[in-house]
Amino acid sequence: LVYQILELGKQYQWESGLDFGTGSGCIPISLKKNRSDWGISGMDISAAALEVADENARLNGVEVHWKNQDILERKAWATMPSYDFIVNVS
């Protein structure tokens, strides 16, 4: 999945992306390690999961913006920035 996103990013000249339901953060961390110029965010409803993701990002030497938010909460949509791509793995 990460490889496909990186390849598509070359075609479309993406600059930012969001992984929602990020869990441990493996997808946004992998993306950021390969594309340090991209602004990458990870979102999860679980604060505990985001603590793990933040530690994983620190261990991998990358900076990912984490959001503790429920993607299904419509009120929050108005405050979300726009992204070039959104990842969701169910």
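I started with helix 1, whose buried residues pack against helix 2 (26-34) and strand 4 (85-87). The model is predicted: local features need pLDDT of at least 70, side-chain atom pairs pLDDT 80 or more, while totals for chains, interfaces and linings use all residues. Numbering runs from 1 along each chain as its sequence is written, and side-chain values use heavy atoms, without hydrogens and water.

My terms: helices (H or I, at least four residues) and strands (E, at least two) are DSSP runs, numbered from the N terminus. Buried is under 20% relative accessible area, exposed over 50%, partly exposed in between (1.4 Å probe, protein chains only). Contact is heavy atoms within 4.5 Å.

I listed the buried residues of helix 1 (residues 2-12): Val2, Ile5, Leu6 and Gly9. They span an arc of only 100° around the axis (directions from the axis to the C-beta atoms), so they sit on the same side of helix 1. Tyr3, Gln4, Lys10 and Gln11 are exposed on the face turned away from that side.

Next, the rings. I found 4 aromatic pairs. Rings of Phe, Tyr and Trp (its six-membered ring) pair with centres within 6.5 Å; planes under 30 degrees apart are stacked, over 60 edge-to-face, the rest tilted. Tyrosine 12 and tryptophan 14 are stacked, at 5.8 Å and 15°. Tryptophan 14 and phenylalanine 85 are tilted, at 4.8 Å and 35°. Tryptophan 14 is in the loop between helix 1 and strand 1 (16-20) and phenylalanine 85 in strand 4, so this pair ties together parts 71 residues apart in sequence. Both residues are buried.
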